[in-house]
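Look at the fold, then read on.

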Amino acid sequence: MGKKEEKRPSKQNKLLAALLRALVFPRYLRRRNLSVARIGTENLKPPFLLLPSRGGPLDYIVAMRALSPHPLHFVLPSDLVHSAEVPLAAGMGIIIAKRHFRDADTMRKLKICVGEYRDAVAFFPEGRRTVDGTGAYFNGDAARFAKELGVPVAVLRMNGNYLSCPPWNGQDSKVPLYAELVSVADEEEIKTLSAEELHARICERIKTDDYAYQRAHAYEVNGAHRADGLHRILYQCPHCHAEFMTYSEDTRLWCASCGRGWQLSEFGELLAEEGETPFSAVPEWTQWERQNLRKKIESGDYRFGMEVFVRTSLGGRRFSRKRKGILTQTKEGTALEFPDTKERIEWKNDELWGLHIEYDYRRSKSSKSWGDVADLPKGDARYYVVFTERDRLTKFAFATDEIYQLSLQAARN
C-alpha cells in the first residue's frame, strides 16, 4: 500500500461565506457600529498573512468582515471548535490546529492556501485573550512563519471587542467596534528584514488599549454589574499590598485587608472612595502587579505551589476524568506532579509562553463550571489545570510571562 495522502486545507465555500456575512454576522454585530480603517494597505491584496489582535469573542467575526469579500483561511485552536462545527469550519476554510501551533502540517496547509489558492491566511499571534485590554505578549513565531510563507504581512488591531465582554466579567455590552487594517511589510521587505526586525514591527503595530479607546471616545459601559469579577485580575491592593484580599460586586472593588474601595465608572476609570486614586486605569494596576512579580522572580523569591485538579486532553474537546495534582512554579520553570502515579511533568523557563487561561471555565453555556483553569501544553497533550484557591490564576499567568521573558533576556546575555 502506498503512503496515505495528507489532508489538504479546504477552499472557502463562497456561498456559505456570503450567507454567514449576510445572515449570521449582523446578529452579533447589531448595535455595535463596526467601522474598519485601512492604513498603508493600498497595494495589499491576497495572498498575504493577517495577524489580528486578540480581545474577545467577536474577534473572528470582525476579522472576516474586515477582509470581506476576500476569502480568509483562519487557524483556530481545536478546543474552540466543537466536533459538530467541523464541517462548517471546513466550509469556511478554517484550519484547525493546536493552540500555539508550531507543527509542520499546519505550515504545509498555510503554504497551500497562499501558494495554490492565492488566498489570505490568518492566526492570532498572541494565542490567548488579553485580560486587561492592552494586548498580550507573544514570541517571535509569527515573524518566522511570515518569512517562511514569503507573503506580505498586515495586522488587524481591534478595539471594543474586549470591552464588549471582558474575560473576568463575561457580560455582554454593546460597545462600538473599531478595527484598523495596517500594513506591516510588503513582499520585498519580508525578504530583507530579519525575523527579529519583523517581530519588533509586528509588536509595535498590533498594540491596542481598549480602556484608552473607551476614554478617548467617552463610550459608556453602564451595566449595574460592570465591576463584577474585577478582583480576578486586580488581585493585589496598591495600599496595603495584600494579595488575594480584593473583592468586587456591582460597580465596586475593595480590599478586605485595609478597607480601601474603588468605583469603576461607566467610562472604565477607577475612582477611589477616599483619598487619592493610585491607578485610575485597569492596565496601570495590572502593570504594577507585573512589575512586583518580576522583581520577586529576578531575586529568586518567587514560589508558587498549590493542590489542583487536572483533566488531560490529547486533542479537540475530549478530556480525561479529573485527578489530583500538585502545581509548582519558580524562576527555573513549572512542574505538575501526580501523587497517585508519581508522574512528574516539567516545563523549563523558556518553554511556556502565552498561557491560555479561563475564568470560571465552562465547556458550554449550559454546562457546570470547572472553576479557574490554566491550559498547559506538553507535546500532543494539554493539561487543563483547575485552580482550587481563589484568584491565583492571574498571578500564575503573569508570572509565566515574566519567567519566559527573563529566560530570553538571560539567553541574550
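Q: Which elements do the buried residues of α5 pack against?
A: This is a predicted model: local features need pLDDT of at least 70, side-chain atom pairs count only at pLDDT 80 or more, and totals for chains, interfaces and linings use all residues. Residues are numbered from 1 along each chain as its sequence is written, and side-chain values use heavy atoms, with hydrogens and water left out. Helices (H or I, at least four residues) and strands (E, at least two) are DSSP runs, numbered from the N terminus. With contact meaning heavy atoms within 4.5 Å, the buried residues of α5 pack against β2 (49-52), α4 (104-115), β5 (120-122), β6 (153-159), α7 (187-192) and α8 (195-205).

Q: Which residues of helix α5 are buried?
A: Buried means under 20% relative accessible area, exposed over 50%, partly exposed in between (1.4 Å probe, protein chains only). Helix α5 covers residues 141-149. Its buried residues are Asp141, Ala142, Ala143, Phe145, Ala146 and Leu149.

Q: What is the phi of the residue that follows α5?
A: That residue is Gly150. Its phi is positive, near 70°.

Q: What is the omega of the peptide bond from Ser68 to Pro69?
A: Pro69 sits in the loop between α2 (59-67) and β3 (72-77). The bond from Ser68 is cis, with omega near 10°.
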